[in-house]
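Work through the exercises below with the model open. Each task is followed by its solution.

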Amino acid sequence: MGEESKAVVHGTWASAFTKRVELALKIKGIPFEYVEENLRNKSPLLLKYNPVHKKVPVLVHNGKPICESVIILEYIDETWPSGTKLLPQEPYQRAKFRFWAAYIEQLLESVAKLFNAEKAAQGKALEEVHEKLRILEDGVKEFYFVEKSPDHVHAEKLGMLDIMMVGHLVAFKAQEEVLGVKIIDPEKNPFIASWIQALIQLPIVKETLPPHDNMVGLLQFVKQTGIKLMDKSRGHDRGLESKLQSST
């Protein structure tokens, strides 16, 4: 593979959005180079490749940058069409996948509120998370969970929604440890709980996720300092910039 044809991912170790891209490339079997960015001192290449938002992840393929993780996932699926399909080919099913992928983004925003809410408001924020998990489960199990049991989740069958869940919810144990609350309740959300548990067991997922203890340390810092876990006005991950690099 020539220098210009290499796939290169610019990211940060704790970024759920970066992990999406890494996992998608691994599922597709695409070799790539990974560049850990110092977001307190952004590299000239990151500023060159993403001059608008100046954030990660960025996939550079054939010397051309692609930004925004969901857009990158679709680019990967279309550029390397052989093997596992991240999105269904049938238009209606693709639309449904995209809808629930966007909903998982909204769920992430609700989880972020748990870290940024005052103690008195945390109960309400947790109720919001549980309600969105209920809606997600009811919405996708009809067409997506038919085979989502621990015996049917395989690396070669993972798609966009699996990737989104890996990025955002498989770190729930670290979140629960830091917050002292139960985010994923098997009694309330049995399908999602079994889905996540099955994903966690996959070697390809285990090797992609950041270490549990590192995530606990990062999330404790977020909780103690009140850093915005998500700042929509400044882009994904931007509130965590200084801590992401210092925790590597």
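**Exercise 1.** Determine how far helix α1 is enclosed by the rest of the structure.

*Solution.* Start with the count: 12 of the 13 residues of α1 are buried, so the helix is largely enclosed by the rest of the structure. Buried means under 20% relative accessible area, exposed over 50%, and partly exposed in between (1.4 Å probe, protein chains only). Helices are DSSP runs of H or I with at least four residues, strands are E runs of at least two, and both are numbered from the N terminus. Next, list the residues: among the buried ones are Phe17, Val21, Leu25 and Ile27. Then check the length. Helix α1 covers residues 16–28 and reaches 19 Å from its first C-alpha to its last, close to the 18 Å expected at 1.5 Å a residue. That expected span is 1.5 Å times one less than the number of residues. Finally, look past the helix: glycine 29 follows, with a positive phi near 75°.

The model is predicted: local features need pLDDT of at least 70, side-chain atom pairs count only at pLDDT 80 or more, and totals for chains, interfaces and linings use all residues. Residues are numbered from 1 along each chain as its sequence is written, and side-chain values use heavy atoms, with hydrogens and water left out.

**Exercise 2.** Find the salt-bridge partners of glutamate 22 and glutamate 207.

*Solution.* Apply the criterion: a side-chain nitrogen of Lys or Arg within 4 Å of a carboxyl oxygen of Asp or Glu. Glutamate 22 pairs with lysine 19, with the closest N and O atoms 3.3 Å apart. Both residues are buried. They are three residues apart in α1, so about one helical turn separates them.

Now take glutamate 207. Its partner is lysine 26, at 3.6 Å, N to O. Glutamate 207 sits in the loop between α9 (203–206) and α10 (212–225) and lysine 26 in α1, so the pair ties together parts 181 residues apart in sequence. Glutamate 207 is exposed at 54% relative accessibility. Lysine 26 is partly exposed at 24%.

**Exercise 3.** Is arginine 94 buried or exposed, and which side chain of opposite charge is nearest?

*Solution.* Arginine 94 is buried yet has no salt bridge. The nearest side chain of opposite charge is glutamate 78, 4.1 Å away. Here Lys and Arg count as positive, Asp and Glu as negative; His and the chain ends are not counted. Lastly, check the backbone: the oxygen of proline 88 lies 3.1 Å from a polar atom of the arginine 94 side chain.

Conventions
A polar contact is a pair of N or O atoms within 3.5 Å; within protein, one must be able to donate a hydrogen and the other to accept it, and residues adjacent in sequence count only if both atoms are side-chain atoms.
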